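These are my notebook entries on one structure, written down in the order in which I looked things up.

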Amino acid sequence: MIEGVAALYILMLAAFVGFEVISRVPVILHTPLMSGSNFIHGIVLVGAMIALGQAETGLEMTIGFIAVLLAAGNAVGGYVVTERMLEMFKSSDKKEQGK
């Protein structure tokens with residue numbers, strides 16, 4: 001397992017690279033990228049559930065439950081935001097005909 005300074009270095013490098021990549025994405029591509037990131041958040045949720053399933057102590061179970069809760073909220077929130085973004089691209093004529 002990775003420990004100490006190496007883990008911190010990887011975390012800082014991932015944060016820097018992630019920020020640089022996302023800041024250079026054109027506005028038109030944000031919605032498709034949000035859908036892709038929602039898929040990744042679903043995988044994180046599955047990983048959190050697996051970790052919770054293998055927890056043995058009370059502390060591990062508590063941390064695993066919090067991880068599942070946060071991962072589920074992140075995945076659901078991502079889909080809600082994506083849906084709201086897609087609503088912005090619908091024409092106003094269709095909205096008024098439905099009323």
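I began with a side-chain pair: Glu20 makes a polar contact with Arg24, side chain to side chain, at 2.3 Å. A polar contact is a pair of N or O atoms within 3.5 Å, where within protein one must be able to donate a hydrogen and the other to accept it, and residues adjacent in sequence count only if both atoms are side-chain atoms. This is a predicted model, in which local features need pLDDT of at least 70 and side-chain atom pairs count only at pLDDT 80 or more, while totals for chains, interfaces and linings use all residues. I noted too that residues are numbered from 1 along each chain as its sequence is written, and that side-chain values use heavy atoms, with hydrogens and water left out.

Next I asked how many salt bridges the structure holds. I found 1 salt bridge (a side-chain nitrogen of Lys or Arg within 4 Å of a carboxyl oxygen of Asp or Glu), and Arg24 forms a salt bridge with Glu20.

Last, I checked confidence: the mean pLDDT (the predictor's confidence in each residue, from 0 to 100) of the chain is 82.
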